Amino acid sequence: MGKLKIYNTDISRESIVTEREQEYLQRSPAQKIYAILHLNHISVQMNGGRPLKTPQGKGIIINKPKA
């Protein structure tokens, strides 16, 4: 899905940021959602098949703000 780009050290960080931003802006909304789901899938795989966050089983907790 993604590509690995290796840049020379003489390229400025700003030009890399603008290149990545332009590539992101050219994607369709469906491609952006697919990329997020793909990253989520990879994170679960790298965590041994467990999600990064799991429910604590405490239900809804509402904290009263301290005044």
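**Salt bridges and a helix: quick tour**

Okay, let's start with Lys5, which is partly exposed, at a relative accessible area of 43%. Keep in mind that this is a predicted model.

So what does the Lys5 side chain meet in a salt bridge? It's Glu19, with 2.5 Å from N to O. That pair ties together distant parts of the chain: Lys5 sits in the segment before α1, Glu19 sits in helix α1 itself, and they're 14 residues apart. Glu19 comes out at 32% relative accessibility, so we call that one partly exposed too.

How many salt bridges does the structure hold? Two. The other pairing I want to show you is Arg27 with Glu23, whose side chains meet at 3.9 Å, N to O. Arg27 has a relative accessible area of 30%, which makes it partly exposed, and Glu23 is partly exposed as well, at 41%.

Moving along to helix α2. That one covers residues 29-46, 18 residues in total. From first C-alpha to last, α2 reaches 26 Å, close to the 26 Å you'd expect at 1.5 Å a residue. Just after α2 you'll find Gly48, with a positive phi of about 75 degrees.

Last stop, Leu52, in the segment after α2. Is Leu52 buried or exposed? Exposed, because its relative accessibility is 63% and the cut-off for exposed is over 50%. If you skip its neighbours within four places in sequence, Leu52 is in contact with Ser43 and Asn47.

How values were computed. Residues are numbered from 1 along each chain as its sequence is written. This is a predicted model: local features need pLDDT of at least 70, side-chain atom pairs count only at pLDDT 80 or more; totals for chains, interfaces and linings use all residues. Side-chain values use heavy atoms; hydrogens and water are left out. Helices (H or I, at least four residues) and strands (E, at least two) are DSSP runs, numbered from the N terminus. The expected span of a helix is 1.5 Å times one less than its number of residues. Buried means under 20% relative accessible area, exposed over 50%, partly exposed in between (1.4 Å probe, protein chains only). Contact means heavy atoms within 4.5 Å. A salt bridge is a side-chain nitrogen of Lys or Arg within 4 Å of a carboxyl oxygen of Asp or Glu.
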